Amino acid sequence: MTIHLQHYINGEFVSHQSDKWIEVINPSTEALLSRIPEGNAEDASRAIAAAETAQPGWEALPAVERGVWLRKIAAAVREREPELTATIVAEGGKTQGLAKTEVMFTADYLEYMAEWARRYEGEIINSDRPNENIFLFKKAIGVTTGILPWNFPFFLIARKAAPALITGNTIVIKPSELTPNNAGIFAEILQEIGLPKGVINFVYGYGPEVGQELAANPKVGLVSLTGSVGAGVATMAAAAKNVTKVSLELGGKAPAIVMDDADLDIAVKAIVSSRVINTGQVCNCAERVYVQEGIYDRFITALTAAFKEVKFGDPAQQTDIDMGPLITAVALQRVEQKVANAVADGANVVLGGKRAGDKGFFFEPTIITHVRQDMEIMQEEIFGPVLPVMTFKTLDEAIELANDCEYGLTSSLYTQNLNTTMNALRKLKFGETYVNRENFEAMQGFHAGWRKSGVGGADGKHGLEEFLQTHVAYLQFS
């Protein structure tokens, strides 16, 4: 029997009034998993109205009480980990290990944000006048909205909802139409624990309809989106007419710079890990590698050997694999075309380079050499298990190549020289740089991009600030 999900609005599962449904497909087997409502602007507007009604009462709660609710959600998430893990594996094609990590990291994140209840604070500023204090209060924005991607769908619920809730906001979330089933379980958890109605709402549908309303509705004070550059541009345009605040995490084309003095074992292991995690479908994945000429041959040999060891398959059936399928047939075709274009431009496929099997959206782990900086494969996001590699002579050349990109989310560097590291950190134009480790951020850091990789950011105290606005009061006394 096929599951039919329902919107979750004002603490209730709402029956779908239309006959339009979206089918959710298992990318490993191409089997139908569920159907979700093809929501519309009216559905989104109802959810926003519910969030607006709930917000004053939610903000009036002491922050520590709001934190208690986040901890309750976290505890329930841990209890339902096996079900959530299986759901994420089925709809997203994640390995079981990565899916379980996502579930548990989500619970940790909810608890981490709950801890900020007693920590976010305003200021008292010195006045130029006698007998006057200047108070700077940090206050909730009001109604916020979150538009989610499909690649880390469960964690992104928490990344947007947890900081929103702890600071007194309410939120309406649109899950990705490709991976919505985990959100249905999250909504069940909210109802089971009795979270006040309207504090978190879920509306399903497509971006051009539901997403646009979540950005354009005048009752919304902040819209937070994680997705493509195109989706970010559309969201900014929709939010602009109301001058609504936007927080956007968009694409990435992360460079990895490998110096002559790098520990090759560390570099190869970290780069492979950063490329094949979630089948290369992560915005901060290593997307292009620059290797100093002196170690190029050794590096390619080691990288090729490591890529040959990468195992893939249906993650629901195999536990000893490193990656699963791409998310859709369209994603598979896009990766195939990017590799074909690179070969047509003179690149050489060292390993892989084609679809694997005829069922599911699997693509072989692929290494490409003889690439040039101006090639599409070096400039555009691949979002698949494909790694182009080229050489450089000097650090300055490597940094120039790395910065030569419209994206600026993450980057990485492999060297054992502190001076090299500090020079690179001074010159690299990216929101994050990982040195001698894999590309994966910490919840207490700040995940933010430069250029077309986004506006604003998430995580840590700086991510929390995205969900706050200031109110300055000048108080004179006698």
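A cavity is a set of grid points where a 1.4 Å probe fits but cannot get out. The model used in these exercises is predicted.

**Exercise 1. The enclosed space**

Task: Find how many cavities of 30 Å³ or more the structure has, and describe the lining of the largest cavity.

Solution: 
- Step 1. Search the whole structure. The search gives 1 cavity of 30 Å³ or more.
- Step 2. Take the volume. For the largest cavity it is about 120 Å³.
- Step 3. List the lining. The largest cavity has 17 lining residues, and Lys160, Ser224, Ser247, Gly457 and Ala458 lie nearest its centre.
- Step 4. Name the elements. Two or more lining residues come from each of α5, β11 (220-226), β12 (245-249), β21 (447-448) and β24 (457-458).
- Step 5. Sort by class. The lining of the largest cavity holds 6 nonpolar, 7 polar and 4 charged residues.

**Exercise 2. An open pocket**

Task: Describe the second largest pocket by its volume and its lining.

Solution: 
- Step 1. Start with volume. The second largest pocket holds about 270 Å³ of space.
- Step 2. Look at the lining. It has 15 residues; Ile3, Leu5, Asn181, Ile185 and Glu188 lie nearest the centre of the pocket.
- Step 3. Find the elements. β1 (3-4), α3 and α6 each give two or more residues to this lining.
- Step 4. Count the classes. The lining of the second largest pocket has 7 nonpolar, 5 polar and 3 charged residues.

**Exercise 3. Helix α3**

Solution: 
- Step 1. Apply the cut-off. Buried means under 20% relative accessible area.
- Step 2. Leu84, Ile88 and Val89 are among the buried residues of α3.
- Step 3. Find the partners. The buried residues of α3 pack against β4 (21-25), β5 (32-37), α2 (63-79), α4 (96-114), α5 (153-166) and α6 (181-193).
- Step 4. Gly93 follows α3, and its phi is positive, near 75°.

**Exercise 4. Aromatic pairs**

Task: Classify the ring pairs Phe105 with Phe155 and Tyr109 with Tyr112.

Solution: 
- Step 1. Count. The structure has 11 aromatic pairs.
- Step 2. Take Phe105 and Phe155. Their ring centres are 5.2 Å apart and their planes meet at 65°, so the pair is edge-to-face. The cut-off for edge-to-face is over 60 degrees.
- Step 3. Phe105 lies in helix α4 and Phe155 in helix α5, 50 residues apart. Phe155 is buried, with a relative accessible area of 7%.
- Step 4. Take Tyr109 and Tyr112. Their ring centres are 6.4 Å apart and their planes are at 55°, so this pair is tilted.
- Step 5. Tyr109 and Tyr112 are both buried.
- Step 6. Join the rings. Ring pairs link Phe105, Tyr109, Tyr112, Trp116, Phe155 and Phe440 into a cluster.

Technical notes. Residues numbered from 1 in each chain as written. Predicted model: local features only at pLDDT ≥ 70, side-chain atom pairs only at ≥ 80, totals over all residues. Heavy atoms only, no water. Buried < 20%, exposed > 50% of the residue type's maximum accessible area, 1.4 Å probe, protein only. Helix = DSSP H or I, 4+ residues; strand = E, 2+ residues; numbered from the N terminus. Contact = heavy atoms within 4.5 Å. 1 Å grid on protein atoms, 1.4 Å probe; cavity = no way out; pocket = protein on both sides within 12 Å on 5 of 7 lines; lining within 4 Å. Points joined across faces, edges and corners; volume = space filled by probe spheres on them. Nonpolar A, V, L, I, M, F, W, Y, C, P; charged D, E, K, R; others polar. Phe/Tyr/Trp six-rings, centres within 6.5 Å; stacked < 30°, edge-to-face > 60°.
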